[in-house]
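Subject: Structure handover

Hello,

Please find the structure below, followed by notes on what turned up in it. The notes are meant for someone who has not worked with it before.

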Amino acid sequence: MSITLNEFLFVSGLLFTIGFLGVLLRRNTLIIYMGLELMLNAVNLALVGFSRFNQTMDGNIFVFFIITVAAAEVAVGLAIIVALYRKRQTVMVDELNALSH
Amino acid sequence: MLDFLFYLFSALTLLSALLVVVNRNAVNAAMFMIITFVGMAGLFLLLNAYFLAVLQVLVYAGAVMVLFLFIIMLLDVEHASKVRPDTLTVVASGIGFLLLASGVCTLFLYGGVEPSYFPESVPELPLTAHSNANPLEYTTAARSFGYGLFTKYMLPFQMTGFLLLIAMIGVIVLSKQYTQPNIAGSKDATIKR
Amino acid sequence: MELETLLTAILLVPLGSAAMIALFLRRGGYAAAAVSVVAAAVILGLSLTFLLTWNGVTQEVSTVWLTLGSYEVTMGFLVNYQTATMLFIVAFVGFWIHVFSVGYMNEDESKGRFFGGLSIFMFSMLGIVLANNLIMIFVFWELVGFSSYMLIAHYWDKDYAAAASKKAFIVNRVGDFGFILGIVWTYWQYGTTNLVLLDAQLNNDASTVLGLLLACGFIGKSAQFPLHVWLTDAMAGPTPVSALIHAATMVAAGVYFMARIFFMLSPETQEVILWLCAAMTLFAGLCALGQTDIKKTLAYSTLSHLGFMGAAIGLGFPSLALLHMAMHAFFKATLFLCSGSVIHACHHEQDMFKMGGLWRKMPITTLTCILAALSIMAVPYFAGFYSKDTILSGAWLLAHTDGRYYVIYAILLLAALSTALYTGRMVWVVFFGQSNSDNAAHAKESNLFMTVPLLVLAAFSVGAAWFLEFDVSLLPETVTVALKHGYATITQADVVHHSHYLLLGLSVGVMIVGVLATFFFYGPGASEDKLQRRYGLVYKILHKHGWFDDVYDAYVVKVQQRVADFFGFLDLILISGFMVRGTAGLAGLLSLVTRSFHVGSIHGYVYWFLAGVVIFGAFAFHLI
């Protein structure tokens, strides 16, 4: 195919940017977390692309690990959000600023 | 053909990613996230990473997003869908987005990685199990994953195991409630655990 | 006593008196008056001691006051015949006016402030008299201006008094601007501002512009054209202040200064001063006819006679100017104190045409006033005659070599006529005829504190100049030496000698014409100003003294105020806006930005991430 590595990297970059936009823009913690996941996925795509380009499995194995760790992280993160919700009754980040008055 | 598929899947991914981010309803956002992951899986397929594609759908779309949906249902996010971000936030994040996006576009338009063509053929199975010349050659078989995981990346593999254990314990601890609900007539109303 | 100590004591005694009053006797009343009068008496005593024991040799003492790199500011005394003359005038007239003030201000509630001001004035004036360099003169010049400002505004609750004091100070400052430029130029060109050193270097050959700049101080302080507008308004102060400061001493300081630096005035400078002052003499004399207030009439009279003194300087006879200054001090002080006595007796009524018939009720005041009037009109053998007529003769003398000076002579003669006119008017209207108001009808002679100074000063205004013709002298020897010189030069010149009777006849004739004219025109004890009634336009021009005040007013309001407003606006925008509040704002802005680190906002932190990425990217793209 005539799609080169550059196109895959471009898609990866854009995806990363969209995820970052989500973190910047939204005030709902859950959506921010989804943005973080998007960013991780973008990195995954870039890694697989490079791995395919270099004809080695290292990149793929790295992605394997990233998926694992991301899943664990999502679990813990959501548990924290739930605990926070129990305390503050809100998930909006601009209301979760009790450390500073 | 493959080019067309690439364009299709990347458009799907990017579009639904965008819709995740701008959606006011959290459930809708989660749905679009799933579509994004499906698109990603498609892209992985185009890169001959079949195992990863399946893994992506199983773990991300199957487990992670289900967990997200559970939590969204658990928390009261109704009022959150009614508020809009203020203009300053929109403008500032738009500027930030444009900054990064322009950086990415610049990288792409000004050449990028050279050379960038993928090698033509990808073998189905490893040629030799213990060949010294490139034991981790890119193949489409899951066996290569196993081979890499258990030889070169043994330590990270074990660490990940531990990490999962710790994550599990952490989740249990975090979701514990520390005060008993007040049972009428009971003498020890609050038991600290 | 050693010379230096004596002079230092003379200078510092009034300062001590002022300090004591300011610190302890602000509400002292008669105690403050006593301190001030005693100080004035001490000054008089010390001055007489000095004058009687001085051997006539010019002396100079000085100490370094301030060192700025290679430039030194010194304070010192220069004692020559001019100093002696002026010292006597200031001390003598000053003392008697202090005594008079005790009587005049007996109903005033702020005697402490008044007498403190008088003491500060004496200190400043003596500083000018004794100074040996231009910088020191300037310092005391400003101090005199300050005391004048303070004393004019004695009745500070009256708006016109406060405004008048500001006007006096500001107009003086305009003159002082030229003065200070002159001092700077002098130092720059001759390397020194010391009078003795400058005298050695110059002989009437300094640059004309330099002389004119220094003359700016004279024009401001002695109220010559165009800075004459403050003197009439300064009459808002109490009468002793008008007598001391604005008649006898402060305004004479300008003339004294000109005489002191006469060696710096080139012939062109002298000519400019001559024409300026001659014009002023006539103009002021005529304007005096347009005033009904007795003090304002005398103020214009002072302007006119200051013009005479300036003309003497312009003709080239500084000692003559000093002579007239001395005589003027005596008779003008007498006239002012008489008017003060009259005003006090008529319960602060100042309009001439509401007085009248006072000769029956206040004989001593009438007598002293008439004697001083005869002196100012230059009746032969009175003090004013010797000085004023000699100036006229001086103009006549110079006219024989240069025909233009006939014009000067004519102007001065007309000015003498106007002197006779306004003085005659004043005497006839105030003292003779019938009383024109209740206040005048109930007047009675003033107390001893006021009459004794009147008698003493009147006596001097009659006989102070007798040393010139006879062997009897009311003034100390050392004082008269400087004054004899100019007089002798002129009266013994051939030209003057030949025309002696012509000149005498002319001036006496002018005087008689003036006196009789006013008698018949106004009538003794007139109750209204006939000039105002019959020749309204003429009166108006004279009353407004040529609309000078209005012109200056328009200039200040339309031009100067706008320029000042513009600069004020620039200051507001640029200096306090950009520079002061701008830097503060910048600091505030920075702090607002870095504050986002410590607020719990997640978005804030994310933006900092973005900023870091952008900087990194710029680095990577070789932008920074």
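**Aromatic rings**

In chain C, ring pairs join F88(C), F92(C), F95(C), W96(C), F330(C) and F460(C) into a cluster. Please keep in mind that this is a predicted model. Over all chains, the structure holds 34 aromatic pairs.

One of these is the pair of W141(C) and F257(C), with 5.4 Å from centre to centre and 65° between the planes, which is edge-to-face. W141(C) belongs to helix 5 (residues 134-152) of chain C and F257(C) to helix 11 (residues 250-260) of chain C, so the pair ties together parts that lie 116 residues apart in sequence.

F385(C) and Y386(C) make another ring pair, with centres 5.5 Å apart. Their planes stand at 65°, so this pair is edge-to-face; the cut-off for that class is over 60 degrees. F385(C) counts as buried at 13% relative accessibility, and Y386(C) counts as buried at 2%. The cut-off for buried is under 20%, so the 13% of F385(C) falls within it.

A charged side chain also meets a ring: K111(C) lies over the face of Y30(C), at 4.5 Å from the ring centre.

**The chains**

Chain A has 3 helices and 0 strands, and its pattern along the sequence reads α-α-α. It has 101 residues, of which 69% count as buried. Of the contacts in chain A with a separation of 6 or more, 55% are between residues 24 or more positions apart.

Chain C has 26 helices and 2 strands. It has 624 residues, of which 56% count as buried. Among the contacts in chain C between residues at least 6 apart in sequence, 79% join residues at least 24 apart.

**Cavities**

How many cavities of 30 Å³ or more does the structure hold? There are 4.

The largest cavity has about 80 Å³ of space. Its lining consists of 10 residues, and those nearest its centre are R26(A), R27(A), M92(A), V83(B) and P85(B). By class, this lining divides into 5 nonpolar, 1 polar and 4 charged residues.

The second largest cavity has about 50 Å³ of space. The residues that line it are M377(C), A378(C), K388(C), D389(C), L392(C), A416(C), S507(C), V510(C) and M511(C). Two elements of chain C give two or more residues to this lining, namely helix 16 (383-399) and helix 22 (500-522). The lining of the second largest cavity has 6 nonpolar, 1 polar and 2 charged residues.

**Backbone points to check by eye**

Most residues other than glycine have a negative phi, and most peptide bonds are trans. The places below depart from that.

The peptide bond from F225(C) to P226(C) is cis, with omega near 0°. P226(C) sits in the loop between helix 8 (208-221) and helix 9 (229-233) of chain C.

A223(C) is found in the loop between helix 8 and helix 9 of chain C as well. Although A223(C) is not a glycine, its phi is positive, at about 50°. What is the relative accessible area of A223(C)? It is 0%, so A223(C) is buried.

In chain A, Q55(A) is not a glycine either, yet has a positive phi of about 55°. Q55(A) is placed in the loop between helix 2 (29-54) and helix 3 (58-88) of chain A. With a relative accessible area of 25%, Q55(A) is partly exposed.

Regards

Notes: Residues are numbered from 1 along each chain as its sequence is written. Chains are lettered from A and ligands numbered from 1 in the order in which they are written. This is a predicted model: local features need pLDDT of at least 70, side-chain atom pairs count only at pLDDT 80 or more; totals for chains, interfaces and linings use all residues. Side-chain values use heavy atoms; hydrogens and water are left out. On a 1 Å grid over the protein atoms alone, a cavity is a set of points where a 1.4 Å probe fits but cannot get out, and a pocket is an open set with protein on both sides within 12 Å along at least five of seven lines; lining residues have an atom within 4 Å of a point. Grid points are joined across faces, edges and corners, and a volume is the space filled by probe spheres set on the points. Ala, Val, Leu, Ile, Met, Phe, Trp, Tyr, Cys and Pro count as nonpolar, Asp, Glu, Lys and Arg as charged, and the others, Gly among them, as polar. Helices (H or I, at least four residues) and strands (E, at least two) are DSSP runs, numbered from the N terminus. Rings of Phe, Tyr and Trp (its six-membered ring) pair if their centres lie within 6.5 Å; planes under 30 degrees apart count as stacked, over 60 as edge-to-face and the rest as tilted. Buried means under 20% relative accessible area, exposed over 50%, partly exposed in between (1.4 Å probe, protein chains only). A charge sits over a ring if NZ of Lys or CZ of Arg is within 6 Å of the ring centre and within 35 degrees of the ring normal. Contact means heavy atoms within 4.5 Å.
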